[in-house]
Amino acid sequence: MADQVKQIVDALSKEPFNKTFNIISFDNLEPLQLLQILNDVFTYIDTKNKMDLREELPEAMANRMLKFLSLLNYQPQCSLHEYQTGIITGDKGIVYQTLVWLLPRVDQLKTRAYLGQYLVRIDVPEEILQDEEVDQANTEYVELVEKFKEVHKSTEKLKNSKYTAADVKKDIAQMEQEYEQIQKTIERKKTRVETIPNLEELLGAARNLRREQERQASITEQKVSLKAAIQTSEAQCQRLLQQLREIKAATENMSVDKLMSKLEDEYRSTQYLVEEKLPKEVALKKKNCTSLQKVLLEPVVGDDDIDELQESAQELQAELNELHQQRLSRVDPGDEKLAMFRKQAMMIARKKDSLAEELKEYTNEWNAAEEELNRRKAEMKRSGAEEVLTGQEFKQYVSMIRNKGNVYKAKRAHMADLRAEKGVLSRTVDILQAQYEHVRETIAAKEKEKGISGYTDTQDEIQKVSELKGETDEQKGKVLVDMSDMSDRLNQMIADKKSQLNPVIKELRPLRAKAQELEQRHASKKLEYERVSASVGSTIQSLEEEVKELRTTAQADESRYHFLGHSIKILELQNQRIDEELALYKNSDTAARKSSYRDRINRKITEQENLKKVLRDRHKEAKDKHGPNVDQMRMWKDIQAILACKRDSLIIRQQQSDKDKPTGENILIL
């Protein structure tokens, strides 16, 4: 715990708290002061917690703190009941653990607290969600939460991005420069174009060309959309034909009576599931939830409580066995017959339940298989694959591939001839292009001599525009013809499909009437069931609200009782300590009096005063010797400098003597 206190004091002494605590003063704080410090940390994380704890009830304070800690995703090291009791009484261990977890991550928790108040999901029971308005409001709430997540993420990205206002201004200035350059380019082009003769006619022709090109693009888009509509209609037609084939295959060996009996069986099985099985399962689930809620609200069960519960369960089981034996001893022959019928009824009910479970499992398997089949078909359509072929279809497909292979070989030989002819024609085109350039240069020279330069180019452009217009008109005519033909084919296909579907529609009309009648009966039964379930649900809801109020009152009283009990124990301990201190103070025995808090504190005070005197004397002695010690240290530094100079001079003298020595290979010195 000393490490925890040191860690807490260090964290509180820094920004933004700036508390002037030390380890001793912090450890001697009262429980209410500790809780106030904890609440100050909560206030820094979220300002909604700012309040004076002396003006707040302990139970409300504990509930508020627990709710806020759960929002911060704090997991206490003890049970929830013990933690709540520790918060109410201001237990040091509980408060220290919480502060140690909070203080190192206050900035992170500040962000989490801000996001938590907007991202906490409201758990709405399923029976309440059946109301359309409540369901719609819940859906809107979930959508708003998701939208808030996206907006917060984008905001954080903008905050962390390096794209500043200066960059935006720089981009704007660059765009303005580009705009000015474009304007200058446009002005130059205008001045250059104004000198061209027949400008208005050329502009009109260009305008008409652009208009025709736009019309051609729109017609092409309409053509593509019509092709897509045709493909969609064909796919829908194929799907309807497949459904028709499945219905015919299912009704080939089935008469109207058999079909009606099948529908009645399905209706009876569905009615049993809706009216008997599902309500029982719902009631069982609600009962389990109620029992689990009771277990969660009860205090922590110890080993002694478990032993008592086991003993009471054994006693109840013994009483139940005894009552069963008494009932068997009083059974008469008529009751034996009824018991036999009851047993048979129970066996039939069990068999019925097992069959219902099997039906449910088979239905789920059937739905899963249908989903898998639809998914595989969708994947095949996306990948462009076709359906699996049968034997005869595969043979036809192989023969078709062979025919296409023969056609491919013939086309390939024809392509080789065309490539050879293309080489000859390209050479001819090059020769003619060279001659054309020569003739064009000659014509340009003649035009320049006559003063009508550019006349041939203008004539060529006008000719090209007229040719393009002719081609556009021709394409328009072709597109219109194709559209009319396509419209006729579509009308014919629709008429054919209608004629094919008329007998099927006639067969489905009586079945549709029967289905509507069954749907009406189902709707009436469903309304009756919903009315009964709504009445029962409202009664259950009122009872649940009453039980919740009683539980809340009981929890508040219980927490108040524990708080007062702990407060009484603390006061009793304090009174006991005071009585022991008074008894030791009044006792005439000096040895016993030495163990009292007063004598111990006095001894500590005397020891500290003696230590203070010793330190004062040592300080005075050091102050008196400070001047001589400084002079002596200066003399030592001077001696070190003299010795260093002598060492340097000795090194220089040795180096000089080494230089004066004679050098050579074979020298004899006598």
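## Salt bridges

A salt bridge is a side-chain nitrogen of Lys or Arg within 4 Å of a carboxyl oxygen of Asp or Glu. This is a predicted model, in which local features need pLDDT of at least 70, side-chain atom pairs count only at pLDDT 80 or more, and totals for chains, interfaces and linings use all residues. Residues are numbered from 1 along each chain as its sequence is written, and side-chain values use heavy atoms, with hydrogens and water left out.

The structure holds four salt bridges. One of them pairs R634 with D631, with 3.0 Å between the closest N and O atoms. Both residues sit in helix α19 (residues 626-660), three residues apart, about one turn of the helix. Helices are DSSP runs of H or I with at least four residues, strands are runs of E with at least two, and both are numbered from the N terminus. R634 is partly exposed at 46% relative accessibility. D631 is partly exposed too, at 40%. The cut-offs are under 20% relative accessible area for buried, over 50% for exposed, and partly exposed in between (1.4 Å probe, protein chains only).

E212 and R215 form another bridge, with the closest N and O atoms 3.8 Å apart. They are three residues apart in helix α11 (residues 199-251), so about one helical turn separates them. E212 is buried, with a relative accessible area of 16%. R215 is partly exposed at 40%. D648 and R647 also meet through their side chains, at 3.7 Å from N to O. Here D648 is partly exposed at 36%, while R647 is exposed at 51%.

## The chain overall

The chain has 19 helices and zero strands. Of its 670 residues, 12% are buried. Its accessible surface comes to about 55200 Å², and carbon and sulfur atoms hold 56% of that. These areas come from the Shrake-Rupley method with a 1.4 Å probe; for residues, only the protein chains shown count as cover.

Contact means heavy atoms within 4.5 Å. Among contacts between residues at least 6 apart in sequence, 61% join residues at least 24 apart.

Helix α3 covers residues 31-45, and its 15 residues should span 21 Å at 1.5 Å a residue. The expected span is 1.5 Å times one less than the number of residues. The end C-alpha atoms are 21 Å apart, which agrees. Its buried residues include L34, L38, N39 and F42. Among the elements that cover the buried residues of α3 are α1 (2-12), α4 (58-71) and α7 (106-119).

N39 lies in this helix and is buried, at 0% relative accessibility. The side chains of N39 and R64 make a polar contact of 2.9 Å. A polar contact is a pair of N or O atoms within 3.5 Å; within protein, one must be able to donate a hydrogen and the other to accept it, and residues adjacent in sequence count only if both atoms are side-chain atoms. Leaving out residues up to four places away in sequence, N39 touches N49, M51, L53, R64 and M65.

## R105 in its loop

R105 is in the loop between α6 and α7. R105 is partly exposed, with a relative accessible area of 30%. A polar atom of its side chain lies 2.5 Å from the backbone oxygen of W101.
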